[in-house]
Amino acid sequence: MWSNRFIQLSKYAVVSTMAIGVGYRIGQSNGHESADPWSVLKDLKAKPGLPIFGSVSAATAISRDLAPVQTPAEVAIPQKDVGIPSEPLPGQSRIMEIMRFGFPGLDNIRSHRDYVVSYDRRSRLAHWVFEHLTRESVKRNDQVDRQKSEFKEDLSIHPFFRSSNQDYKYSGFDRGHLAAAGNHRQNQDVCNETFLLSNMAPQVGVGFNRDKWEHLERYVRNLTKLYRNVYVCTGPLYLPKPGPDGKNYVRYQVIGANNVAVPTHFFKVIVGEMENRDLEMEAYVLPNEAIPDDVPLASFQVPPDSVERAAGLLFFDRIARNQLKKINGKKIGWL
């Protein structure tokens, strides 16, 4: 029955992300793992976030590596917000705005007009894509029509390492957006760039890309009605499953002549900034399979650090977790 598989999968999404953490086991304190899979989630709620390594972040590292990127001038902010990176001044680099709170990783980064990508040459997919949304940037624009956009190879990537439309043909998978086209409506060119295949991943069509994943994308856009700034990091996951021998294995399909990886799951990690500069975070992991329409999105919320361990990334590392007011709708003190 799907409902039983879904319950098992939801439990497993949390357990498996922890299983591939570096030397981390929930059962360390008593020498064995709990028999209750949800004990992982309960334990995580008492341990929000990963260590923040002083002022070191991927954002400062890339500023040193790329000469054109300069540190933005600080904007006066209330005393209670000291330590939280301020918004770049108007007219400064769009990349500074998008990556204000740090880069999750520094592998093969490339920027577009309105989003940033870290590309994985081996999988032919992105490690992650990053977006910054506002009420203005996602509002309806009748001059932009996604029907005019075409899926295109990203010619900035070496031919050995990029995917093609031919890879997806007859594969049974959709070309699923990571940075959603609906998030980029300033003009047609900005929308067109979201159709580069470096921003795509093979996704199950009915029940996922055209349904539950689209619901999550719409939910994120609607957050701009609540927050002045919404920052979104999206990417693929490849989570282990137990094999018949009881051992865990990471197995995933590849498609096309270029062996494009088919992720087992996808994540979105979101930070919203209120008008008073309070910050709130949400994290979601969805399985790449058909999901019944009546399953609520909240069912897929997971602790942010479980995604970090699974993806090998550090999200929003210029914000200490104790500077967040809420994670997944719960006040920090209650996690």
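**Exercise 1. Determine how many of the residues of helix α9 are buried, and name them.**

Solution. Helix α9 spans residues 304-311 and is mostly covered, with 6 of its 8 residues buried. Here, buried means under 20% relative accessible area, exposed over 50%, and partly exposed in between (1.4 Å probe, protein chains only). Helices (H or I, at least four residues) and strands (E, at least two) are DSSP runs, numbered from the N terminus. The buried residues of α9 are Pro-304, Asp-305, Ser-306, Val-307, Glu-308 and Ala-310. Just after α9, Gly-312 adopts a positive phi of about 70 degrees.

The model is predicted: local features need pLDDT of at least 70, side-chain atom pairs count only at pLDDT 80 or more, and totals for chains, interfaces and linings use all residues. Residues are numbered from 1 along each chain as its sequence is written, and side-chain values use heavy atoms, with hydrogens and water left out.

**Exercise 2. State the average pLDDT of the chain and what share of the residues score at least 70.**

Solution. The pLDDT is the predictor's confidence in each residue, from 0 to 100. Its average over the chain is 82, and 75% of the residues score at least 70. Over residues 1-82 the pLDDT is below 50; beyond near neighbours in sequence, this stretch has 113 contacts in the model. A contact means heavy atoms within 4.5 Å.

**Exercise 3. Locate Asn-108 and decide whether Asn-108 is buried or exposed.**

Solution. First, the position: Asn-108 belongs to the loop between α4 (94-98) and β1 (109-111). Next, the cover: Asn-108 counts as buried because its relative accessibility is 19%. Then, the surroundings: leaving aside residues up to four places away in sequence, Asn-108 touches Val-117, Ser-118, Tyr-119 and Arg-121.

**Exercise 4. Identify the residues that make a nonpolar surface patch of about 250 Å².**

Solution. The patch is made by Val-250, Tyr-252 and Val-254. Val-250 sits in the loop between β8 (248-249) and β9 (254-255). Val-250 counts as partly exposed because its relative accessibility is 44%.

**Exercise 5. Describe the chain as a whole: how many helices and strands does the chain have, and what share of its residues is buried?**

Solution. The chain has 9 helices and 14 strands. Of its 335 residues, 51% are buried. Among contacts between residues at least 6 apart in sequence, 70% join residues at least 24 apart.

Definitions and conventions
Patch = residues over 30% accessible without salt bridge, like charges linked within 9 Å, V, L, I, M, F, W, Y side chains within 5 Å. Areas by Shrake-Rupley, 256 points an atom, 1.4 Å probe, with all protein chains shown as cover. Salt bridge = Lys/Arg side-chain N within 4 Å of Asp/Glu carboxyl O.
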